[in-house]
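Please look over the model below before reading on. The briefing that follows covers both chains, topic by topic.

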Amino acid sequence: MSAAHDDHHHGPAKGISRWLFTTNHKDIGSLYLWFSFAMFLLGGTFAMVIRAELFQPGLQLVDPNFFNQMTTMHGLIMVFGAVMPAFVGLANWMIPMMIGAPDMALPRMNNWSFWILPFAFAMLSSTLLMESGAPNFGWTFYAPLSTTYAPSSVTFFIFAVHIMGASSIMGAINIIATVLNMRAPGMTLMKMPLFVWTWLITAYLLIAVMPVLAGAVTMMLFDIHFGTSFFNAAGGGDPVLFQHVFWFFGHPEVYIMILPAFGVVSAIIPTFARKRLFGYDSMVYATASIAFLSFIVWAHHMFTVGMPIAGELFFMYATMLIAVPTGVKVFNWVATMFRGSMTFETPMLFAIAFVVLFTMGGFTGLMLAITPADFQYHDTYFVVAHFHYVLVPGAVFSIMAAAYYWLPKWTGYMYDERLGKLHFWLSFIGVNVLFFPQHFLGLAGMPRRIPDYALQFADFNWISSIGGFLFGASQLILLFVVIKCIKGGKKATAQVWEGAQGLEWTVASPAPYHTFATPPDPKLIHDQ
Amino acid sequence: MLPKAKLWLALTIAALTTMLSTSLQAAWDLNMPQGVTQISRETYDLHMQILWWCVAIGVVVFGVMLWSIINHRKSKGAVPATFHESTKVEIVWTVIPFVILILMAIPATRVLTEAYDASESELDIQITGYQWRWEYRYLRDDMNEEEVSFFSNMSTSREEINNQLPKQETYLLDVDNPLVIPINKKVRFLLTSNDVIHAWWVPDFAVKKDAIPGFINEMWTIVEEPGVYRGQCAELCGIDHGFMPIVVHALPQDEYDAWYAGQQEQAAATRAAANNTITMDAALAQGEEIYNRTCVACHQAGGTGLAPAFPALAGSSVVTGDLTENLQLVLNGVPGTAMAAYNRMLNPVELASVVTYIRNSFGNSTGDLVQPADVNALLQEAQ
Ligand SMILES: [Cu+2]
């Protein structure tokens, strides 16, 4: 009897129902990661359309309206479909294993928060097939372009955003509940890996701002269908109010996409430097300060709306302040590498590239914070270059680093190191050829979100497009490496990496379906 | 080498270098323009100052990192150190960046304060953004003076955009009616929008601000050198966001005065013409010209339209139906669609002509001849 009982509880169900009904954090983590990768390819395809159209001056492939649909859908899918779910996937897989918990605190809600996502994105993508076309007002959907002047598909967009928001909030509640309640004995808060810390703080950010986003789209919905005038000047409303509400969500949102990345990099660098993370406490405090500051800088996206000078100065100073805790993090990572004993496996390569290229995105962020200079940069390709530097070689590289780092733990096999390195180098070269020239384009005066451009922008645009195609194509290598690694390869040990520290490396590779059903030995829990 | 061959070689090299350097100048702009105003130069200096700070910090941080990557690798037998925290060091690298930020904030605050001081302007111009054109209106002190106001549309042809004609040097950056301002005068712009949010930007002036419906924003410039300055709408404003350029002609005061007087005369003549009657032939000729300039992009040659977005005018029930309804539609547009209100973009004579034209072309034959007075009557009624 007990054998049957064990079977029932300790192995995954068979077939499709395993995935549909699963409450297992590892299964749900895998679902999130695969979903995110699919969205990454879809959003990437839209990006390829954009770069192909911009390869040469003139309109070649698409009309301006479709171009606007592509920029909008690319942004929405990458932010809400690729980056955010990837981090939730990593959280699902790793947080319970890192804190010695058997699963997430709310497993059924976990299933639910994943499974509503495909519906949200199916609905959003279906707008491409509608007669009105997909949303074409940019991922920032400024009113009244997104209300009075929007295509009728906007209602589907609003509903999709509501579902994504609900999913994120449920995910965040789950993570907070797990981290606060389910840590193994001995796992005090200040012994938690930084990935857990950064996710805990991110989860609070999500809970704070996703309802604000929901509020913004609900006000849009009422303006469009129920005759209100929140954002309609003709009815006494205020289009700038939309931007305040949107960016009150939107700025913390960019930290939602980068704080978990900090956590990933803070796990990988010590492993491959074979040296403890420098300044753990300061890392925790820096993360918390960044999260706090993220709530009081939103209007730096709006320096040109005509705020009073006091507002401009406040948001400039507050934004500049973010450079301090962010700098502390970068210095700590460098200090961790300093006098370590480094090797350069693929996760480490991605992590080092993250530190360098994210910092470059940080530098341009500091430049953008300088209000009078921002009058020149705002809404140009300089901004496009800036946020792609923090999001692609920033957030996305950290996700790839994490995937390579934990793949052996997930699959039980080592991935193909040679292919991994090839993927890294092609991505690294591609991403820089793609985005570095965009700084020049922006400084020379090319506005963002235009399907066609003046002749002086021609050269850097074709270079950027070539980089884009290279970067896009290289991602197929990642897909291949992951599939190959799932199928087999060199057996991974439990430890996997010589310098790895933490509870996840004390369980076998592949990690059994259920881990830490009994809490780990407190002696295994070390200072970070 | 033969002297002749040497000469050829020298010539070729000279030709190549000039070609290369001009193409380098034209196409490989790397940096923000210094521009032609005091604010634009100060903005440029600020930009460079912050950039150099970033470069310096980057060199130090990435330098240490690179040095570690080269020297502290396991393959070189490096043994990891055991240090992992130092409050002293953390304080140092919190305080130093903070001080640098203060050094950056001081000039930034100064330039911003200057840029925000729009007082004591010598000329005020109202700029209104439309999907997808700008309207410039020169504000008068004396309401009895003739008002100067006009629309500024991109004049790059659709054939160039669709790669059917070679692209000119000012591709996408040319307009039919540029904004004209005097040099060395403080010009204040009052900025608003008629529909969605646009942004008016001329990089050489370092002036960029959003044009927001229901709001009036303010900005100013003092241009120091005569010339032609170009910019673009910077805020996504719909389908033709990429096609609403800005061109500013900065003229010496006397030339500006002459231009302004000419505009006033023209405005007076237009007003006078609205009281005249027009003949069918004149209306058809002018109407055709206006149609081809203004309406053809959407309603197409021959009035065929472009389904499903743009309806055909040939055989349209509106165009062959009630005249007043047809006039009202062209005057007021169809809100929420691409069909704009032409009551301000075209003058009464032009409106009368184009409506006469569409009602008597493409196989439509209502025989109606619209007079400017009919248009005026409707315009007055609307007021
Ligand atoms: Cu515009």
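**Backbone geometry**

A:R274 sits in the loop between helix 10 (259-273) and helix 11 (280-293) of chain A; helices (H or I, at least four residues) and strands (E, at least two) are DSSP runs, numbered from the N terminus. The model is predicted: local features need pLDDT of at least 70, side-chain atom pairs count only at pLDDT 80 or more, and totals for chains, interfaces and linings use all residues. Residues are numbered from 1 along each chain as its sequence is written, chains are lettered from A and ligands numbered from 1 in the order in which they are written, and side-chain values use heavy atoms, with hydrogens and water left out.

*Positive phi*

- Most residues other than glycine have a negative phi, and most peptide bonds are trans.
- A:R274 is not a glycine, yet its phi is positive, at about 55 degrees.
- A:R274 counts as buried because its relative accessibility is 17%; buried means under 20% relative accessible area, exposed over 50%, and partly exposed in between (1.4 Å probe, protein chains only).
- A:R339 also has a positive phi, about 60 degrees, without being a glycine.
- The loop between helix 13 (323-337) and helix 14 (346-369) of chain A holds A:R339.
- With 42% relative accessibility, A:R339 is partly exposed.

*Cis peptide bonds*

- In chain A, the bond from A:A143 to A:P144 is cis, with omega near 5 degrees.
- A:P144 lies in the loop between helix 6 (117-126) and helix 7 (154-181) of chain A.
- In chain B, the bond from B:Q131 to B:W132 is cis, with omega near 0 degrees.
- B:W132 is placed in the loop between strand 1 (123-130) and strand 2 (133-138) of chain B.

**Two buried residues of chain A**

- Is A:S153 buried or exposed? A:S153 is buried, at 0% relative accessibility.
- A:S153 belongs to the loop between helix 6 and helix 7 of chain A.
- Leaving aside residues up to four places away in sequence, A:S153 touches A:T127, A:M130, A:S132, A:G133, A:A134 and A:P135; a contact means heavy atoms within 4.5 Å.
- A:V431 is part of helix 17 (residues 417-443) of chain A.
- The relative accessible area of A:V431 is 1%, so A:V431 counts as buried.
- Which residues does A:V431 touch, not counting residues up to four places away in sequence? They are A:L357, A:V392, A:P393, A:F397, A:F436 and A:F471.
- A:V431 and A:L470 are 39 residues apart along the chain, and their C-alpha atoms are separated by 8.2 Å.

**Chain A overall**

- Chain A has 18 helices and 0 strands.
- A compact globule of 528 residues would have a radius of gyration near 24 Å, and the 23 Å of chain A agrees with that.
- The radius of gyration is taken over C-alpha atoms, and the globule rule is 2.2 Å times the number of residues to the power 0.38.
- The C-alpha trace of chain A spans about 70 × 50 × 45 Å along its principal axes.
- Buried residues are 67% of the 528 in chain A.
- Of the chain A contacts between residues at least 6 apart in sequence, 82% join residues at least 24 apart.
- Accessible areas come from the Shrake-Rupley method with a 1.4 Å probe; for residues, only the protein chains shown count as cover.
- Chain A carries 22 positive and 23 negative side chains, and the centres of the two sets lie 14 Å apart.
- Lys and Arg count as positive and Asp and Glu as negative, while His and the chain ends are not counted.
- The place of a charge is NZ of Lys, CZ of Arg, CG of Asp or CD of Glu.

**Chain B overall**

- Chain B has 10 helices and 10 strands.
- Chain B is more spread out than a compact globule, because its radius of gyration is 29 Å, well over the 21 Å that the globule rule gives for 383 residues.
- Along the principal axes, the C-alpha atoms of chain B fill a box of roughly 95 × 65 × 50 Å.
- Of the 383 residues in chain B, 45% are buried.
- Among chain B contacts between residues at least 6 apart in sequence, 63% link residues at least 24 apart.
- Chain B exposes about 19,100 Å², with 59% of it supplied by carbon and sulfur atoms.
- Chain B has 23 positive and 42 negative side chains, and the centres of these sets are 14 Å apart.

**Confidence**

- The model scores ipTM 0.90 and pTM 0.91.
- Chain B has a mean pLDDT of 89, and 92% of its residues reach 70 or more; pLDDT is the predictor's confidence in each residue, from 0 to 100.
- Residues 18-26 of chain B have pLDDT below 50, and this stretch has 3 contacts in the model beyond near neighbours in sequence.
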